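Hi,

Here is the structure I promised to pass on.

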Amino acid sequence: MAKGYWVSVYRTIADPEKLAAYNKLAGPAVQAGGGRRLAVGGRVLAHDAGIAERTVLIEFDTFEQAVAARESTAYQKALVALSDAVERDFRIIEGLDD
């Protein structure tokens, strides 16, 4: 079965304090949903129209698990804390089923 991934690329961070509050709630919510952080921040080399502000990659055992974690009550609370603090491109993608 193919894995699921959260890919989040931040364009701007307007309120670092709200982002920190989100991180405190999102981390446990992701873990409870079965997610594993593969990359958070760190070095980014952006090409084409890419923006190298902040990139996060989280792996789940299945695409369905990734969707369920995003829809969970715990993660929804994290999103409320984040509110308008950032502009980001958030996607849930299905990995290859090799």
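**What I found**

Buried residues account for 30% of the 98 residues in the chain, where buried means under 20% relative accessible area with a 1.4 Å probe, counting protein chains only. Before you go further, note that this is a predicted model, in which local features need pLDDT of at least 70, side-chain atom pairs count only at pLDDT 80 or more, and totals for chains, interfaces and linings use all residues. Residues are numbered from 1 along each chain as its sequence is written, and side-chain values use heavy atoms, with hydrogens and water left out.

**Overall build**

The chain has 3 helices and 4 strands, taken as DSSP runs numbered from the N terminus (helices are H or I with at least four residues, strands are E with at least two). Starting at the N terminus, the order of elements is β-α-β-β-α-α-β. The radius of gyration, taken over C-alpha atoms, is 13 Å, close to the 13 Å from the globule rule for 98 residues, so the chain is as compact as a globular protein of that length. That rule is 2.2 Å times the number of residues to the power 0.38.

**The sheet and its helices**

The 4 strands form an open sheet in the order β2-β3-β1-β4, with antiparallel pairing; strands pair if DSSP finds at least two bridges between them. At the edges sit β2 (36-40) and β4 (86-94), each pairing on one side only. Between β2 and β3 (residues 54-60) there are 4 bridges, and Ala39 has Leu57 in β3 as its bridge partner.

Helix α1 (residues 16-32) packs on this sheet and touches β1 (4-13), β3 and β4, its direction making about 175° with that of β1. Helix α3 (residues 73-82) also packs on the sheet, touching β1 and β4, at about 155° to the direction of β4. Touching means contact, with heavy atoms within 4.5 Å, and the angles run from 0 to 180 degrees between N-to-C directions of axes fitted to C-alpha atoms, for helices over the stretch in contact.

**The core**

What does the largest nonpolar core look like? It has 18 residues, and Trp6, Tyr22, Phe60 and Tyr75 have the most contacts inside it. Such a core is a set of buried Ala, Val, Leu, Ile, Met, Phe, Trp, Tyr and Cys residues joined through side-chain atoms within 4.5 Å. The largest share, 5 residues, comes from α1. Beyond its neighbours within four places in sequence, Tyr22 is in contact with residues including Tyr10, Tyr75 and Arg88.

Cheers

Terms used:
Buried means under 20% relative accessible area, exposed over 50%, partly exposed in between (1.4 Å probe, protein chains only).
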